[in-house]
Structure formats: structure tokens, C-alpha cells
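Notebook open, structure on screen. I'm jotting down what I looked up, entry by entry.

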Amino acid sequence: IKGLTDQGVVSLYGKLRQRNRCNHNDFQNIGVNGARMTSSMGLVDALARNQKNDNPLLLFLSLLGNDVCNGHPGFDHMTTPSSYHDHLIETLTALDAQLPAGSHVVAPALFDGDLLYRTMHKQQHPIGTSYTSLYDFMNCLEENPCWGWLNSNSTVRLDTNQRAKDLSAVLEQVEATENNFKNFKFIFFQPD
């Protein structure tokens with residue numbers, strides 16, 4: 001697309017700006033590395049929007065993996081579907097009280113973390129070993145930032161992926177059954 005790509009990457013912001021020049025410099029990134037649904041209420045407070053005077057907002061609630069990805073061996077530190085649901089509704093309710101009418105909130109599905117392993121496990125990491133060996137070494141040291149997905153154990157990866165799918169199902173269910181927000185439409189997005 002002419003004028004919207006930079007080295008082959010299509011920018012959503014570029015498309016929005018081309019469609020409506022009022023979008024120029026009207027964006028905010030209030031993301032936090034490591035954010036989980038259980039901590040997303042803190043991000044709502046950082047959002048700078050005046051409900052009465054600002055234009056509608058396109059907001060991405062993009063928590064792609066930290067609810068299942070952590071450094072603790074085992075599955076006890078992963079967000080449960082019920083906790084995910086409760087914190088999602090709390091966050092969406094707070095957004096509904098803050099966003100201008102006509103806004104949209106888009107929530108992508110959680111990432112397929114096993115894809116990362118399938119793509120990278122045989123590749124050489126910059127420190128000189130394979131990614132699989134690095135993952136096992138980090139697990140041995142108990143210093144792995146994502147025990148569930150950066151793991152040579154396929155059962156652990158698949159169980160982690162199942163939890164991610166369960167959390168994505170919560171997003172899909174909220175879109176289908178609890179999408180009665182006054183000021184925005186909630187959209188679950190399942191990318192290919």
C-alpha cells in the first residue's frame with residue numbers, strides 16, 4: 001500500500017491516519033511489559049481521554065501471554081479463566097466509564113506460544129547454543145522468564161497453550177454474551 005509501508009510493514013496507525021487525518025498524533029501506548037489481566041485496571045487509570053469532549057477511541061487490550069507466561073515452574077501462577085473473566089469485566093467496566101461513546105475495544109487472542117518453540121528450537125541462540133539447550137539451562141537455574149512456553153517438554157508447552165486457549169475463550173465468550181457496554185463495542189480478534 002503506497003505510503004503506508006516501511007520496509008514491508010503495514011502500519012495500522014498509517015491506515016487510520018490516511019483514512020482520517022484527525023488521527024495524526026492521536027495515539028497513546030500505555031502498555032507495560034509483563035502486564036496481565038489481573039493488573040490491567042492500573043492501565044485504565046493511565047488512559048488520557050475526556051469522555052465528553054474527545055472523539056471515540058480505538059483501544060487494543062492486548063495481553064498476549066503474560067497470564068500464562070511466567071518464571072515459576074508449574075501451572076499455579078497462571079491466571080485461571082475465572083480470575084481472567086472477573087478482571088476483564090472489571091477493566092471493561094472501568095473503560096466504559098471513561099471512553100467516549102462510539103469507541104471500540106479490541107482484544108486479540110493470546111499468543112500460540114508453542115509456535116515460538118517449533119520455529120526456534122533448532123536455531124542457534126546468539127550465545128552459541130541451541131534455543132532448546134538454552135531453555136533447559138534456564139529451567140535448571142530456575143531463571144526462565146516463561147517456563148510454560150520456553151520449555152523442551154512438549155506436554156508442558158501444550159498444557160500452557162491450552163490455558164492460553166481457555167483464556168482466549170473467555171474473551172470470545174464476553175464478546176458474545178456480555179457485550180452490553182454503553183460507550184464502546186468489545187471485539188474479540190482471533191488472528192491467523
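Predicted model: local features only at pLDDT ≥ 70, side-chain atom pairs only at ≥ 80, totals over all residues.

**Sheet**

I started with β3 and β4, which run parallel and are joined by 3 bridges. My elements are DSSP runs numbered from the N terminus, with helices being H or I of at least four residues and strands E of at least two. Two strands pair if DSSP finds at least two bridges between them. In this pairing I found Phe-60 opposite Val-106 in β4.

Residues are numbered from 1 along each chain as its sequence is written, and side-chain values use heavy atoms, with hydrogens and water left out.

Next I looked at β4 (residues 103–108) and β5, which also run parallel, with 6 bridges between them. Pro-108 sits opposite Phe-189 in β5.

What is the strand order in the open sheet? I read it as β3-β4-β5, 3 strands with parallel pairing. β3 and β5 are the edges, each with a single partner strand, so one side of each has no neighbour in the sheet. The twist averages 20 degrees from one strand to the next.

I then checked the two faces of β5 (residues 184–189). Phe-184, Phe-186 and Phe-188 are on the covered face, and Lys-185, Ile-187 and Phe-189 are on the uncovered one.

**Helices on the sheet**

I followed α3 and saw that this helix lies across β3, β4 and β5, running at about 145 degrees to β5. For angles I'm using axes fitted as lines to C-alpha atoms (for helices over the stretch in contact), with values from 0 to 180 degrees between N-to-C directions. α6 packs on the sheet as well, touching β4 and β5, and its direction makes about 145 degrees with that of β5.

**α4 against α6**

I wanted the helix pair too. Two packed helices are described by the angle between their axes and the distance between the axes. For α4 (residues 113–120) and α6 (residues 154–177), the axes come within 8 Å and cross at roughly 145 degrees. Which residues make the contact? On α4 I listed Gly-113, Asp-114 and Tyr-117, and on α6 Arg-157, Leu-158 and Asn-161; contact means heavy atoms within 4.5 Å. By class I get 2 nonpolar, 2 polar and 2 charged residues. My classes: Ala, Val, Leu, Ile, Met, Phe, Trp, Tyr, Cys and Pro are nonpolar, Asp, Glu, Lys and Arg are charged, and the others, Gly among them, are polar.

**Cysteines**

How many disulfides does a search of the whole structure find? I got 1, taking a disulfide as a pair of cysteine sulfur atoms within 2.5 Å. Cys-69 is joined to Cys-146, S to S 1.9 Å. The link ties distant parts of the chain, 77 residues apart: Cys-69 is in the loop between β3 (58–60) and α3 (81–96), and Cys-146 is in the loop between α5 (131–141) and α6.

Buried or exposed, Cys-69? Buried, at 18% relative accessible area, and Cys-146 is buried too, at 3%. My cut-offs are buried under 20%, exposed over 50% and partly exposed in between (1.4 Å probe, protein chains only).

I checked Cys-140 as well: this cysteine is in no disulfide, and the nearest cysteine sulfur, that of Cys-146, is 18 Å away. Cys-140 counts as exposed, at 61% relative accessibility.

**Loop residues**

Glu-142 is exposed at 58% relative accessibility.

In the loop between α4 and α5 I looked up His-125, which counts as buried at 18% relative accessibility. Leaving aside neighbours within four places in sequence, His-125 is in contact with Ser-130, Tyr-131 and Leu-134.

**Whole chain**

I finished with the totals. The chain has 6 helices and 5 strands, in the pattern β-β-α-α-β-α-β-α-α-α-β along the sequence. The C-alpha atoms fill a box of roughly 55 × 45 × 25 Å along the principal axes. Buried residues are 36% of the 192 in the chain. Of the contacts between residues at least 6 apart in sequence, 68% join residues at least 24 apart.
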